[in-house]
Amino acid sequence: MPQDRTALNSIALNRRDLVAAAAALALGSVLPGQAFAQKKIVLGFSQVGAESEWRTANTESIKAAAKDAGIELKFSDAQQKQENQIKAIRAFIAQKVDVIAFSPVVESGWDNVLREAKAAKIPVVLTDRAVNSKDTSLYVTFMGSDFVEEGRKAGRWLVDKMKDQKGEVRIVELQGTVGSAPAIDRKKGFEEIIKADPKFKIVRSQTGDFTRAKGKEVMEAFLKAEGKGINVLYAHNDDMAIGAIQAIEEAGLKPAKDITIISIDAVKGAFEAMIAGKLNVSVECSPLLGPQLMTAVKDIVAGKTIPKRIETVESIFPMETAAAEFPKRKY
Ligand code: GYE
């Protein structure tokens, strides 16, 4: 009897072992795979706002790329306010997202919140605009354009265009959002080039906050103050230039003829204006950062090392090239 019982027990045990082994096998072969497929990477993204055509294209690119990459995107629009971005980043930290990405509306004032993300071990990616934090360990990478170079391209185009001009070249400048990286850098790059010749003078410079409405309003004020004495408008983005074009026309002047107009972004609206003969040139700044952001997010989560700076490759489009280029434009 005892023997039998032992025998029974051992059979029972063996069965249990078998079941356990089968379960272990199942765990080994199926569960990790399922876990991989099910555990979506969660990305918290804090966007600047919806101030321009560029920004809208950037948002679309990020949303579409997240979808394609199977990444869950928590998207937050800050309406051009830093305090909203800080709140959004704190919310992402509280939600324990895998990666935080954001396009900082202005350059300064991020250290505290970035330290909080670091303490929570959540990697941060800067897209489009940079921060001026001294501690670069607060973010993994910065991907986006070289705004100083964009300003230089605008300046070089102007210097070449006006090379035979003898008298003074009076320039008005519509700056982007005060304190933002593209406003600071585009001003700097442009000035660096034009200062080589004293005939170039920036006679007025004011922010138009990267919007059409503000661009128009500020251009009206410039026209009122300077009358017919403006030779060139340098706008830090296309939207402000498009707003200013309206103001110029309403003042009875011919945009791109009476006033040479240079802007940055090269969005579709700029191509339309160039084809209509109202804008002279647009320097390209690509908003299509979505795919490279998703690649970076996946690499970071996989523990790979990625470059500290991922730069966008860009071009410049004078009016004469607009009609041929327009059909190829993706934003
Ligand atoms: O040029 C402007 C937008 O940060 C590069 O922001 C971006 C700028 C872009 O509002 O149109």
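Student: Okay, which loop holds Asp-209?
Tutor: Helices (H or I, at least four residues) and strands (E, at least two) are DSSP runs, numbered from the N terminus. On that basis, Asp-209 sits in the loop between β7 (200–207) and α8 (212–226). This is a predicted model with residues numbered from 1 along each chain as its sequence is written, and local features need pLDDT of at least 70, side-chain atom pairs count only at pLDDT 80 or more, while totals for chains, interfaces and linings use all residues. Side-chain values use heavy atoms, with hydrogens and water left out. So the loop you want, going by those DSSP runs, is the one between β7 and α8.

Student: What is the phi of Asp-209, roughly?
Tutor: Most residues other than glycine have a negative phi. Asp-209 isn't a glycine, yet its phi is positive, at about 55°.

Student: And where is Gln-80, which has a positive phi too?
Tutor: Gln-80 isn't a glycine either, and its phi is about 65°. Its place is the loop between β2 (72–77) and α4 (82–94).

Student: How far is the side chain of Arg-186 from an oxygen atom of the ligand?
Tutor: We're after a polar contact here, a pair of N or O atoms within 3.5 Å. For Arg-186, a polar side-chain atom and a ligand oxygen are separated by 2.8 Å.

Student: How much of the ligand does the protein bury?
Tutor: Accessible areas come from the Shrake-Rupley method with a 1.4 Å probe. Taken alone, the ligand exposes 300 Å². Of that, the protein buries 100%.

Notes: A polar contact is a pair of N or O atoms within 3.5 Å; within protein, one must be able to donate a hydrogen and the other to accept it, and residues adjacent in sequence count only if both atoms are side-chain atoms.
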